[in-house]
Amino acid sequence: MSGRAASDPKQKFLDLRAIRIDRVQDRRKHQFMRLMAEPSCRKFPWTAAVYAAAARLITRAANVIIGLIASTLIQKFLTKKSLIGMLLAVLFAISPSAETQQNDSAISQAIAPLFASHSPLQVTIEAPLTTLMKDRLEEDYLDATFTFTGDGGAEQTVDLKVRTRGSFRRMEKHCNFSLIRLNFRKKQIVNTELSGQDKLKLVTHCRNNSPRHEQLVLLEFIAYRIFQVMTDKSYGVRLLQVNYVDTEGAKPMTKFAFVIEDDDEVAERVGMKLLKVPGVRNEDLDRGQQNLVNVFQYLIGNTDFSLIKAEPGKDCCHNSDLMSATGGPPFTPLPYDFDFAGLVNAPYAEPHPRYDLRSVRHRLYRGLCGNNELLPDTIQQYLDKKDAVYAITAELDMLSPRSRRDVTSYLDAFYDGISSPEKANARFSGKCVELP
């Protein structure tokens, strides 16, 4: 740092403020861990959660008042370069909202431009769709073009290669329109909204003449967005409105779809690497992320996944990827593929045959009993994000009234179930999985 930068009063203010944020975060973490260590809370940690939640509410209320005082001080004194004003601002100008804004900003800067926006992207895909959907080749690509209108309003056409992908939804007996893999030429999309992309998974509508199946795309999109709200260790998604033009003469059609962030890009974004292993042990997983995923899968009503086992002939795990910062444990699970979830409620979806469930709308918690001590914090994360979770549905204008009603009632049932420690304990701690 230059001498000039070091003597800048504003720079001093920012450096001191950053130190203050770190100290506040450390103090809050220490307070919560001390509560969790109380003997009376070891068996049923919900008591600790009540104390911790009360402490957080008191702290936040105090910080709101302090923040109001601080903003006045900063405006009044910092513009005048008053040393007293800067010291007062350093002492008082810390609030949870400021910390949240910093975290959200860092995430939005790291994610690729395509996934930084949640507004639908208007695109046209011209391809030999008749051949694509007839042959359904898993390896060979067909030539196509991709025309898109970015947020700036400019239209651009680039070359593209397409093939079908997936397992269940690639079978014609289930879907007459398969999932698709998009393969871009990276040099053609430099300095565009697609910049940095290469191969992307496109989630499509399954059946051409069914408005309900187009709604299913939106519902699965919501599931991805919910987990993205919960953690940056998640797949980014972008909604598309696709005009499909068959170069072999079939009638054009416009449908909703969405693309999923590349798995290697997700890992790089969060400072990790994607792993290709046949399987892992439960004890090798990041326990915090494991709990977050298991509660999320309960929220959306999904049992079609495994965090430790792969499908035959594939890498671990079933509908979940693994990441690691070191190449070894702890492994971070990264869930995907939610069309069998109760939140989506696809007509072809069935509960996992291993479990005694009458419908995919019936929830089942599959978290480990050994992680129960972490549940209060996990549940609190979902409570803290409740407004953001509901906002995903509220802001999706293209949802039908029925879909909106179904999603809202499904979310209501989940949040009612965690509205008190007693209810949450009955649904999670009391239903956990004991390892042999």
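Predicted model: local features only at pLDDT ≥ 70, side-chain atom pairs only at ≥ 80, totals over all residues.
## Disulfides

The structure has three disulfides. Count the bonded cysteines in sequence order and the pairing reads 1-2, 3-4, 5-6.

Start with cysteine 175 and cysteine 206, whose sulfur atoms sit 2.2 Å apart. The S-S torsion here is about -90°, so this disulfide is left-handed. Cysteine 175 belongs to the loop between β3 and β4, and cysteine 206 to the loop between β5 and α8, so the bond ties together parts 31 residues apart in sequence. Cysteine 175 is buried at 1% relative accessible area, and cysteine 206 is buried too, at 5%.

Cysteine 369 pairs with cysteine 432, with an S to S distance of 1.9 Å. This link is right-handed, with 95° about the S-S bond. It connects distant parts of the chain, 63 residues apart: cysteine 369 is in the loop between β10 and α11, while cysteine 432 is in the segment after α14. With a relative accessible area of 15%, cysteine 369 counts as buried because the cut-off is under 20%. Cysteine 432, at 18%, is buried as well.

Now for a pair of sequence neighbours. Cysteine 316 and cysteine 317 are joined by a disulfide, S to S 1.8 Å, and also by a cis peptide bond with omega about 10°. The disulfide is right-handed, with 70° about the S-S bond. Both cysteines are buried, and cysteine 317 sits in the loop between α10 and β9.

Some background: most peptide bonds are trans, and most residues other than glycine have a negative phi. Proline 329 to proline 330 is a cis step, with omega near 0°; proline 330 lies in the loop between β9 and β10.

Two asparagines have positive phi. Asparagine 319 has phi near 55°, is in the loop between α10 and β9, and is buried at 4% relative accessible area. Asparagine 345 has phi near 60°, is in the loop between β10 and α11, and is partly exposed at 27%.

## Helices α10 and α11

These two helices pack at about 55°, with their axes 10 Å apart. That angle makes α10 oblique to α11, and the crossing is right-handed. On the α10 side the contact uses Asn291, Leu292, Val295, Phe296 and Leu299; α11 brings Leu375, Thr378, Ile379, Gln381 and Tyr382. By type, the contact residues split into seven nonpolar, three polar and no charged.

Conventions: Residues numbered from 1 in each chain as written. Heavy atoms only, no water. Helix = DSSP H or I, 4+ residues; strand = E, 2+ residues; numbered from the N terminus. Buried < 20%, exposed > 50% of the residue type's maximum accessible area, 1.4 Å probe, protein only. Axes fitted to C-alpha atoms, helices over the stretch in contact; angles between N-to-C directions. Parallel < 35°, antiparallel > 145°, perpendicular 65-115°, else oblique. Left-handed = near helix turned anticlockwise from the far one by under 90°. Contact = heavy atoms within 4.5 Å. Nonpolar A, V, L, I, M, F, W, Y, C, P; charged D, E, K, R; others polar. Disulfide = S-S within 2.5 Å.
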